[in-house]
Amino acid sequence: MSAQDVAGAVTSRSLPGAPHLAWRDEELVLEGHALAELARRFGTPLYVYSRAAMRTALAAYARALAGRRHLVCYAMKANSNLAVLQTFAAAGCGFDIVSAGELARVLAAGGRASRTVFSGVGKRRGEMATALEAGVRCFNVESVGELQVLDEVARAHGVRAPVSLRVNPDVDAGTHPYISTGLKSNKFGVAHAEALATYRRAAELPGLRVEGIDSHIGSQITQVEPYLDALDRLLDLVEAVEAEGIPLHHVDVGGGLGITYTDEAPPAADVLVSRLLARMDARGHGHREVLLEPGRSLVGNAGVLVTEVLYLKPGEVTNFCIVDAAMNDLTRPALYDAYMAIEPCVVRRHLPPRRWDVVGPVCESGDWLGRQRDLAVHVGDHLAVLSAGAYGMAMASNYNTRPRAAEVMVDGDAVHLVRERERVAELFAGERLIET
Ligand code: LLP
């Protein structure tokens with residue numbers, strides 16, 4: 001293979017994140033901005049997000065929902081940078097939160113509590129109180145115990161808390177192996193078989209106002225069928241609950257739509273939503289407000305993690321490409337054995353590729369970003385880990401006293417530093433030496 005062929009092979013590989021991520025000559029660019037140049041300007045490791053990619057992803061949901069009463073609640077656990085939240089809030093999006101900390105971010109970014117739903121199996125009293133004071137749209141309640149505590153907290157505040165029960169639909173895992181949170185064995189939600197009795201209980205409690213029904217069956221789902229199965233189970237319940245005189249105003253179908261990391265082919269968001277709406281119409285539920293809680297599918301392919309090659313260490317069994325990003329910056333490969341594509345930011349035309357394990361500086365053998373990747377790289381080159389916009393920075397830690405990465409958002413011609421790189425002194429500012 002000639003060097004020309006090698007470069008051609010790299011630049012013709014399909015890029016998850018296209019069209020905002022593209023090859024321009026031999027440079028990898030996001031919304032037209034060369035990633036290697038951003039790396040030189042802001043340092044590495046560096047997360048870079050495309051604002052247009054986020055808006056495009058949201059627009060696909062909005063397109064399918066046009067003409068319906070609906071609320072897309074961005075599951076901000078996927079990426080909670082304020083500029084990301086601001087982008088979605090400005091586009092009319094609501095939020096799905098799982099802590100009072102996330103609520104504080106929504107408000108700081110200009111989002112509205114009245115367009116925010118509060119999910120999570122372990123809400124604390126203080127968090128419930130904060131959310132009630134802010135006026136959240138709905139609490140997605142996951143257990144009878146939580147219902148009782150929420151009732152008490154709401155009564156103490158002299159208000160009624162809006163609630164929706166997160167129902168665990170127990171969709172058959174055998175046919176749909178991707179869905180891991182909607183099974184009986186998972187900690188999430190109220191069991192489908194107990195849901196009717198739990199609604200009766202909720203309707204009796206004076207501090208609560210029953211509003212809707214909710215379910216979230218898992219993440220990185222690449223098929224429509226599990227959603228349709230779960231929706232059917234939910235609608236069965238809606239009919240049973242309403243037959244007892246408890247009206248349910250909205251149906252929240254959760255998040256979970258997958259993205260392309262390598263060769264997955266999930267349905268487009270508008271295709272998924274259209275199928276769900278068609279099922280609701282067919283069953284006579286077309287008048288109900290629809291809520292969705294997408295996370296990954298709104299931001300995942302909008303971001304990359306750029307890292308610099310520090311050392312090349314060929315070995316007898318494995319060649320190691322040691323980069324300055326590590327499992328603390330991007331934990332998905334180490335934690336889930338997740339495959340994330342890695343591309344050079346500049347194609348080396350005259351260098352034949354070698355097979356590398358791309359690893360970070362952290363002192364753990366599990367500290368890898370990609371294994372067995374064919375890359376043509378020199379020390380000092382930059383690599384981009386693709387599809388890193390979701391559950392990347394949001395899950396970063398300071399392990400090994402490594403400051404967390406900076407984040408940049410590109411927006412047309414503009415480049416914004418939306419989070420400064422952490423400084424080492426900040427990492428132990430809250431710690432105390434002991435008097436001796
Ligand atoms: N709603 C609820 C109640 C959730 O628990 C989640 C995600 C979402 C919505 C959004 O799901 P998405 O659309 O992003 O799939 N850290 C893992 C993913 C954990 C997802 C947790 N819950 C990863 O990196 O793959």
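Modeller: This is a predicted model. Let us begin with tyrosine 74, which has a relative accessibility of 0% and therefore counts as buried.

Biologist: Is phenylalanine 95 buried or exposed?

Modeller: A residue counts as buried under 20% relative accessible area. Phenylalanine 95 has a relative accessibility of 1%, so the residue is buried.

Biologist: What kind of aromatic pair do tyrosine 74 and phenylalanine 95 form?

Modeller: Their ring centres are 6.4 Å apart, and the planes stand at 70 degrees. Planes over 60 degrees apart count as edge-to-face. The pair is therefore edge-to-face.

Biologist: Which strands hold tyrosine 74 and phenylalanine 95, and how many residues apart in sequence are the parts that the pair ties together?

Modeller: Tyrosine 74 belongs to strand β5, residues 70–75, whereas phenylalanine 95 belongs to strand β6, residues 94–97. The pair thus ties together parts whose separation in sequence is 21 residues.

Biologist: How many aromatic pairs are found in the whole structure, and what is the arrangement of tyrosine 47 and tyrosine 49?

Modeller: A search of the whole structure gives four aromatic pairs. Tyrosine 47 and tyrosine 49 form a pair with 6.2 Å centre to centre and 25 degrees between the planes. Planes under 30 degrees apart count as stacked. The arrangement of tyrosine 47 and tyrosine 49 is therefore stacked.

Biologist: Which residue has its charged end over the ring of phenylalanine 118?

Modeller: The charged end in question lies 5.6 Å from the centre of the phenylalanine 118 ring. It belongs to lysine 123.

Biologist: Are helices α9 and α10 roughly parallel or roughly antiparallel?

Modeller: The axes of α9, residues 225–243, and α10, residues 269–282, come within 10 Å and cross at roughly 30 degrees. Angles under 35 degrees count as roughly parallel. Helix α9 is therefore, relative to α10, roughly parallel.

Biologist: Is the crossing of α9 and α10 left-handed or right-handed?

Modeller: Residues that meet across the two helices include Leu228 and Leu231 in α9, and Leu272 and Leu276 in α10. The crossing of α9 and α10 is right-handed.

Biologist: Is threonine 198 buried or exposed, and which residues does threonine 198 touch, not counting those up to four places away in sequence?

Modeller: Threonine 198 lies in helix α8, residues 192–204. Its relative accessibility is 3%, so threonine 198 counts as buried. Not counting residues up to four places away in sequence, threonine 198 touches Val144, Leu147, Leu165 and Val190.

Conventions. Residues numbered from 1 in each chain as written. Predicted model: local features only at pLDDT ≥ 70, side-chain atom pairs only at ≥ 80, totals over all residues. Heavy atoms only, no water. Phe/Tyr/Trp six-rings, centres within 6.5 Å; stacked < 30°, edge-to-face > 60°. Helix = DSSP H or I, 4+ residues; strand = E, 2+ residues; numbered from the N terminus. Buried < 20%, exposed > 50% of the residue type's maximum accessible area, 1.4 Å probe, protein only. Lys NZ or Arg CZ within 6 Å of the ring centre and 35° of its normal. Axes fitted to C-alpha atoms, helices over the stretch in contact; angles between N-to-C directions. Parallel < 35°, antiparallel > 145°, perpendicular 65-115°, else oblique. Left-handed = near helix turned anticlockwise from the far one by under 90°. Contact = heavy atoms within 4.5 Å.
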